[in-house]
Amino acid sequence: MEKVIVVGGGLAGVRAVEALRSKGYEGALTLVSAERHRPYDRPPLSKAVLAGESDDTTVDADWDALRCELLLGERATALRLDGPGRGGVLASTAGDLRFDGLVIATGAAPVTLPGEGRQRVLRTIDDARDLRSRLTAGARIVIVGAGWIGAEVATTAAKRGCRVTVVEAADTPLANAIGPEVGALTAPWYAEAGVELRTGVKVAAVDGGGLVLAGGGRIDADEVVAGIGVRPEVSWLEGSGLLVERGVVTDASFRVYHGGEEPGSLRPDVVAVGDCAAWWSRRYGRRLLVEHWDTALNAPETAAAALLGEDASYDAAPYFWSEQFGRMVQYAGSHAASERLVHRGDPSGRKWAAVWLTGDRLDAILTVGRPRDLVQARRVIAAGTPVDPEAIADPDVPVRQAVR
């Protein structure tokens, strides 16, 4: 392999470049990024950058030492593959680029609301800087979506003196992420911060003065922020023959499928990783599309190894965190198929946790202000160690001492 191209300038793309070099790849290496900025970290955008505490989150990478050509402000437009293992051509705004190996790390793009009115999203450093300039005292800020991003934007906007309203189609915040029962426990945080939370409200459109609600009614706003999720950035792969279902479908090594999901259709010369990859998890027996920093940070190590012909697979339990309304909220695992929910501590307080169990197996944990619980639970989840359900429900018993 003499020429590898990494498509995507987010954290997953940077980590793929670093992993390829650390594993001994000595050939030509090019990173193609649609953004004009050098790769940067995204989690601070909704926190420190929006709050005005930071203006630069550039990833600390030594591009000269990495010997990587940066094509910034250039977008991938199509992919033409040769025979298996023979590479192909990446069509881009910089021209046709031939490769022997390809890393697809194009991330995801925010979903927007219908309507002709102005709406803002928070995905790039430019988005964050622009929105920050609009968060002035007294401004009417309406945020659609009470998920992780919506809550973080509301937190900062309220601190800056804005009049903040959050509109959520579900009956509770975070219903899709952690379920309505646990999500409901976060609802009081909004009122505590002076934020109006309106749940069970669907938006018909954004117009020049704010939101038009489904079924009638409206909410006036100076600024509308859409925080209703993202979609993998994979439209440029249309016609490539790669299997795409929401994200790019991969095996546990992040190798992509060409033509169909059969072992023989795996491409050894193309991998996909990060927010755009729907990878097979042996741990959960299903495909995961994890749009969080931890996966973008760690999964490229496996993807790079697979691209270089090594035997590697990724099977980490998902992990993410959020800082909202003065609380550190962390989640690890997956509760999609869990049998029951157990509370650990009093949810009306500032420090508590919720754990999801199947039998005596710990599937997932959500912690609020209990970082030690999170660290210990991640180890238990990774090891698959059985736990005592009664012990783990006791907040005075360390998670590590609840194992059987």
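Helices, of at least four residues, and strands, of at least two, are DSSP runs numbered from the N terminus. In those terms, Arg42 sits in the loop that runs between strand E2 (28-33) and helix H2 (48-51). The model is a predicted one.

**Arg42: contacts**

- Leaving aside residues up to four places away in sequence, Arg42 touches Glu35, Arg123 and Thr124.
- With Glu35, the contact is polar and joins the two side chains at 3.1 Å.
- With Arg123, the side chain of Arg42 reaches the backbone oxygen at 2.6 Å.

**Second largest pocket**

- The space in the second largest pocket comes to about 230 Å³.
- Its lining has 14 residues, of which Arg283, Tyr284, Ser334, Arg361 and Asp363 are the closest to the pocket centre.
- By residue class, the lining of this pocket is made up of 5 nonpolar, 5 polar and 4 charged residues.
- Strand E27 (residues 361-368) gives the most to this lining, contributing 3 residues.

Note on methods
Residues are numbered from 1 along each chain as its sequence is written. This is a predicted model: local features need pLDDT of at least 70, side-chain atom pairs count only at pLDDT 80 or more; totals for chains, interfaces and linings use all residues. Side-chain values use heavy atoms; hydrogens and water are left out. On a 1 Å grid over the protein atoms alone, a cavity is a set of points where a 1.4 Å probe fits but cannot get out, and a pocket is an open set with protein on both sides within 12 Å along at least five of seven lines; lining residues have an atom within 4 Å of a point. Grid points are joined across faces, edges and corners, and a volume is the space filled by probe spheres set on the points. Ala, Val, Leu, Ile, Met, Phe, Trp, Tyr, Cys and Pro count as nonpolar, Asp, Glu, Lys and Arg as charged, and the others, Gly among them, as polar. Contact means heavy atoms within 4.5 Å. A polar contact is a pair of N or O atoms within 3.5 Å; within protein, one must be able to donate a hydrogen and the other to accept it, and residues adjacent in sequence count only if both atoms are side-chain atoms.
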